[in-house]
Amino acid sequence: MLKQPSGEYRGFRTRGIRLNEDMLPELGRLASGRTRPMLGAVHAFDKAHAVMLCEEGLLARTHAAAILRALRQMEGDGVEETRLRVGGGVHSGEQYLIRALGEEVGGRLHLARSTGDLTSVGINVLQRESLLSIMEAVNRLRPVLVRLARDHTDTILPGYSFGQHAQPMTLAHLWLSWAATLARDFDRLRGAFRRINVSPAGAVIMVGSNFPLNRRRTAELLGFDGVHENAADAILELTADDSLDAPMVVALLYHSMAKWADDLILWSTSEFHFFDIPDRFCNTSSIMMQKKNVIGPAEVKGASAEAIGCVVTAYHALKGPTGLPITERYYALESLWRVADNCARDLDWFCELLPALGIRTEHMREQAWRHWATVTDLAGALVRERNLPWRTAHQIVGILVRVCEDKKVGPDGVTPALLDDAAVAYHGKPAGLDAAQIKTALDPGRFVAARTMRGGPAPAESERQAVFFEDGLRADEATVTAINARLAAAARTLEAAIDSIIGS
């Protein structure tokens, strides 16, 4: 007989059923390793599927009770350990049940189900867990940035464009710009979560089943917000669609984090020396004993490279005729689990690193105007005090900067005579500003304080922005709390349904 003796069931893919040979052991180990992260999600699906089959009259209550008792016994022995021991990957539940209960009972679990919806449920659950973890980490960093902003509304530093000194701003303005970015990142993560937290259970492999499944009930028991309305979309399109969606939103977040890491590394160099990085985020050299190498932010940059690599891998692995790329997707998913874990880790590193920075306040303030970053307001003074057209004022001050640099004169050396010479050179008339007006125009503190318009760096405006971003954060924290509550309620509902079946 081809049927395996009781207690020796090794799965439906064994030699002598459809295939003449067993799979290469190396291929089996690859499949087992890839499905290992989703075994917890598959276990929940096994329980939810058994409950639904029983409630719909597709599985006798006595059989359902035996199956659910056995699955709870597995929990007592350790779900992952037991499933790895019995083998079968995503089918390890069935494999365990047939060994424990025989095929007459255990062989009934897989009715109206396929590897397709088994793996899709597992993947979706893991992706939603990863996205939720990152959403929570994003929301841990956002209040850190707002608190730091409130502490640094008067901490002035140069702003840069093209790598050159542009205009002064404050650390509050910088931290709040990061908070604004994270608010958008949260929105993208929430959007991906919403698209991913839809149940493919019951879609089977592409056309559903001719057994009357209750897909909404299974979705409810697993904490999904709904079901995919098209079975082919749930299995054949979704595997490509959501396996690109999640990596892309994480890669976008990492793009910003890597830029911030670059800022911290650059601004901690001897050439800038705006910040001192805490030693716990650094190491030193085995030969150059003076070195203090900034390692924490460098790790963030390296992880960001892997994040975009995950997107590229997913894009190419999942590209192909409909229904063809199946196994290939696991190469992207293996990377995604690691990238997601790293992302939450790195966000928490920022939470610890930023408040611990040593900030060289006076040095930054001095640098904020030493390289002509405030001369925009000198041109503005010509507009206000002398009623010059903006372009005329712009050209006069441009000549002033060029002449001063040729003469090795800095902003603190600008005199009314130098400004008048520049004005005469441009349009034949002196500028007519006195020394006090010039000094006031070039002062970096006054420059920042004058930017009171919405979005500017003035202290009062920074406080308004802090309140704005706090309000947004509270709403997003409530979103995460509600998601966690729904998932916890679904888990309780599942266990209550199991209790009802076992009790009956």
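A salt bridge is defined here as a side-chain nitrogen of Lys or Arg within 4 Å of a carboxyl oxygen of Asp or Glu. The model is predicted: local features need pLDDT of at least 70, side-chain atom pairs count only at pLDDT 80 or more, and totals for chains, interfaces and linings use all residues. Side-chain values use heavy atoms, without hydrogens and water, and residues are numbered from 1 along each chain as its sequence is written.

The structure contains 30 salt bridges. One of them pairs Asp 377 with Arg 446, at an N to O distance of 2.5 Å. Asp 377 lies in helix H14 (residues 375-386) and Arg 446 in helix H18 (residues 444-449), so this bridge ties together parts that are 69 residues apart in sequence. Helices are DSSP runs of H or I with at least four residues, numbered from the N terminus. Asp 377 is buried, at 11% relative accessibility. Arg 446 is partly exposed, at 25%. Buried means under 20% relative accessible area, exposed over 50%, and partly exposed in between (1.4 Å probe, protein chains only).

A salt bridge also joins Arg 370 and Asp 412, whose closest N and O atoms are 2.8 Å apart. This pair links distant parts of the chain. Arg 370 belongs to helix H13 (residues 361-370), and Asp 412 to the loop between helix H15 (390-406) and helix H16 (416-427), 42 residues apart. Arg 370 is partly exposed, with 31% relative accessibility.

Asp 346 and Arg 345 form a salt bridge at 2.7 Å, N to O. Asp 346 is buried, at 0% relative accessibility. Arg 345 is partly exposed, at 29%.

Technical notes: Helix = DSSP H or I, 4+ residues; strand = E, 2+ residues; numbered from the N terminus.
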